[in-house]
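Please look through the model below.

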Amino acid sequence: MAEGSKRKKKRAGLKRFLPLYLMMVPAFLYLLINNYLPMSGLVLAFKKYNVQDGIWGSDWAGMSNFTFLLKNRELPILFRNTLGYNICFILVNLVLGVTLAILITEIRSQRFRKLAQSSVLFPFVVSIIIVSYMVRGFLDPEAGLLNHLLQSFGGKRISWYDREQYWPFILIFVNTWKSVGYGCILYISAIMGIDMSLYESASLDGAGKFQKIRYITLPFLKPTMITVVLLAVGRIFNSDFGLFYQVPQGSGLITNATQTIDTFVYKALTSQSNIGMSAAASFFQSVIGFTLILLFNTVTRKLSKENALF
């Protein structure tokens with residue numbers, strides 16, 4: 001009897017949640033097709049790929065595909081740019097995202113608040129190709145807006161696409177403009193979930209605006225901030241290919257300031273058609289990212305166990 005009642009409960013539970021399971025099927029298939037099945041292609045990192053023999057028929061190459069990247073004389077520059085830019089992106093987007101989220105939630109007018117949320121999120125959905133043309137409109141040596149402004153104030157034209165010293169600031173600015181809105185929306189959602197009675201109690205105790213932010217808002221934002229940073233750390237050895245390839249317009253004079261591991265691999269792939277080397281670079285980036293996620297999560301769990309991701 002007991003086993004029969006358990007089976008009935010399981011069937012009832014399955015029937016009850018069947019619509020949710022069916023809704024999950026498309027997402028599961030998407031993850032399976034786009035995220036898990038392609039992982040079998042990682043074997044290319046250890047093979048001398050030949051089109052005629054295919055992936056499984058090609059000869060094994062051992063670790064030779066990895067040596068192309070690790071022994072390259074440009075490796076220090078690639079690591080510096082990839083790691084340095086990503087660290088700057090994480091810090092700048094974190095600080096500005098939290099600041100914007102707090103400022104937007106402080107807006108009294110609901111209509112203006114919705115407008116502000118849409119405005120900060122809009123750049124995130126703009127194609128990087130369009131962004132590259134927008135940047136070109138500002139930085140074009142002949143007809144760029146910035147050069148016109150410089151000349152109107154008595155300055156000289158600057159050939160932006162020939163001067164690498166300006167590009168760290170340009171790339172950080174473009175990335176911030178395009179990406180900060182996504183994190184901002186996440187933080188706004190977290191702030192809207194805070195119990196308003198906490199702010200009312202703090203007001204009764206004489207707390208000011210900045211004290212409420214420090215002792216109520218930021219502590220509640222902490223789990224979301226850690227999750228966002230943790231996910232970003234996992235891709236710290238990857239770069240936004242469109243940002244580093246499309247925005248600089250492929251200018252060779254600023255390569256030292258704009259080339260990352262991803263753009264280097266792409267250029268090597270198009271010039272040498274070495275698919276095995278490209279797969280090895282991606283495999284290397286994934287392993288480093290996974291290791292950093294585990295390390296960051298371990299440190300987080302020791303400092304604040306409840307805020308760790310796993």
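Lys-8 sits in helix 1, which spans residues 2–36; helices here are DSSP runs of H or I with at least four residues, and strands are E runs of at least two, numbered from the N terminus. Lys-8 counts as exposed because its relative accessibility is 62%. In these terms, buried means under 20% relative accessible area, exposed over 50%, and partly exposed in between, with a 1.4 Å probe and protein chains only. This is a predicted model, in which local features need pLDDT of at least 70 and side-chain atom pairs count only at pLDDT 80 or more, while totals for chains, interfaces and linings use all residues. Residues are numbered from 1 along each chain as its sequence is written, and side-chain values use heavy atoms, with hydrogens and water left out.

Lys-8 also belongs to a surface patch of positive charge, which gathers Lys-6, Arg-7, Lys-8, Lys-9, Lys-10 and Arg-11. A patch is made of residues with over 30% relative accessible area and no salt bridge; like charges are joined within 9 Å, and nonpolar side chains (Val, Leu, Ile, Met, Phe, Trp, Tyr) within 5 Å. The place of a charge is taken as NZ of Lys, CZ of Arg, CG of Asp or CD of Glu.

Turning to the cysteines, the structure holds zero disulfides, a disulfide being a pair of cysteine sulfur atoms within 2.5 Å. Cys-88 is partly exposed at 31% relative accessibility, whereas Cys-184 is buried at 0%.

There are two salt bridges in the structure, each defined by a side-chain nitrogen of Lys or Arg within 4 Å of a carboxyl oxygen of Asp or Glu. One of them joins the side chains of Glu-106 and Lys-209, at 3.0 Å from N to O. Glu-106 lies in the loop between helix 4 (75–105) and helix 5 (110–125), and Lys-209 in helix 10 (residues 209–233), so this pair ties together parts that are 103 residues apart in sequence. Glu-106 is partly exposed, with a relative accessible area of 33%, and Lys-209 is partly exposed at 39%.

Arg-136 and Asp-140 also meet through their side chains in a salt bridge, at 3.2 Å from N to O. Here Arg-136 is partly exposed at 28% relative accessible area, but Asp-140 is buried at 18%.

Helix 10 also holds Phe-220, which is partly exposed with a relative accessible area of 43%. Between Phe-220 and Gly-62 there are 158 residues of separation in sequence and 49 Å in space, C-alpha to C-alpha.

How values were computed
Areas by Shrake-Rupley, 256 points an atom, 1.4 Å probe, with all protein chains shown as cover. Lys, Arg positive; Asp, Glu negative; His and termini not counted.
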